[in-house]
Amino acid sequence: NVIQAAENWMQQMNAKAKKQPDNPKEVKTLMEFAGGYRMVDLIGKVALEKEGALMGHCVGGGSYWEGVKRGDTRILSLRDVNNHPHVTIEVDTHSNSTRQIKGAGNQAPVRRYWPMLRAFFKESGVKVEGDYRNVGLLNIWDGEQHLHITQDEFKDLVLDPKNEAGQRLLQYYG
């Protein structure tokens, strides 16, 4: 059966990729967090294959590698102290914005990682556009642009009578 053969081959490739240690030429640390967590940039094909195998999603597929190789895409990974991935992020290099932010099996990342992810986005300047909900952000149109902010940031914005952006929002929706 062709389908079973393809599934067996995929399982073999995933098992092989999971066992591969990270090559420093393929994985670059971008930022470190408390508890041994770090954000890494996956810059090699084997690193992408390993990420896809460990996370149960298709980032290890050839189309992502082609995008990384061309410089159109960056694939980032939030890793723990044991180098296990917990979140995979696809960034459009032309707009420096997120296309996807995924946890294991293409689910939303676990909530405890949101503060680290948001700190990384703020520090790195990567704009959160695609999958903004997957890091606990709201998408608010202020009449001129989309704001991707937390609930607390939204409250601070609109409750401060001296905040021009917040007052603009209140007028826009009032």
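Reply: A nonpolar core is a set of buried Ala, Val, Leu, Ile, Met, Phe, Trp, Tyr and Cys residues joined through side-chain atoms within 4.5 Å. Buried means under 20% relative accessible area, exposed over 50%, and partly exposed in between, with a 1.4 Å probe and protein chains only.

This is a predicted model, in which local features need pLDDT of at least 70, side-chain atom pairs count only at pLDDT 80 or more, and totals for chains, interfaces and linings use all residues. Residues are numbered from 1 along each chain as its sequence is written, and side-chain values use heavy atoms, with hydrogens and water left out.

Start with the core. The largest nonpolar core has 20 residues. Those with the most contacts inside it are Phe33, Met39, Leu78, Ile89, Leu117, Phe120 and Phe121. Strand S3 (73–79), strand S4 (85–92) and helix H4 (114–124) each supply at least two residues of this core. H4 gives the largest share, 4 residues. Helices (H or I, at least four residues) and strands (E, at least two) are DSSP runs, numbered from the N terminus.

Phe33 shows how the pieces meet. Contact means heavy atoms within 4.5 Å. Leaving out residues up to four places away in sequence, Phe33 touches Arg38, Met39, Leu78, Met116, Ala119 and Phe120. There is also a second, separate core of 10 residues, which includes Val40, Ala47, Tyr64 and Trp65.

Now the sheet. It is open, has 5 strands in the order S1-S2-S3-S4-S5, and pairs antiparallel. Two strands pair if DSSP finds at least two bridges between them. The edge strands, S1 (27–32) and S5 (97–102), each pair on one side only. From one strand to the next, the twist averages 25°. Axes are lines fitted to C-alpha atoms, for helices over the stretch in contact, and angles run from 0 to 180 degrees between N-to-C directions.

Look at S3 and S4. They run antiparallel and are joined by 7 bridges. Leu76 stands opposite Ile89 in S4. Ile89 is also among the core residues with the most contacts.

H3 (residues 62–70) lies across S2 (38–42), S3, S4 and S5, and runs at about 110° to S3. H4 packs on the sheet and touches S1, S2, S3, S4 and S5. The direction of H4 makes about 100° with that of S1.

Then the charges. Side chains of opposite charge can pair when their charged atoms come close. A salt bridge is a side-chain nitrogen of Lys or Arg within 4 Å of a carboxyl oxygen of Asp or Glu. The structure holds 9 of them. Glu90, Asp92 and Arg99 are linked in a network of salt bridges. Arg99 bridges Glu90, with the closest N and O atoms 3.0 Å apart. Asp92 bridges Arg99, again with the closest N and O atoms 3.0 Å apart. Glu90 counts as buried because its relative accessibility is 11%. Asp92, at 16%, counts as buried too. Arg99 counts as partly exposed, at 32%.

One more salt bridge is worth a look. Glu144 and Arg168 meet through their side chains at 4.0 Å, N to O. Glu144 lies in the loop between strand S6 (138–141) and strand S7 (146–149) and Arg168 in helix H6, so the pair ties together parts that are 24 residues apart in sequence. Glu144 is exposed, with a relative accessible area of 57%. Arg168 is partly exposed, at 31%.
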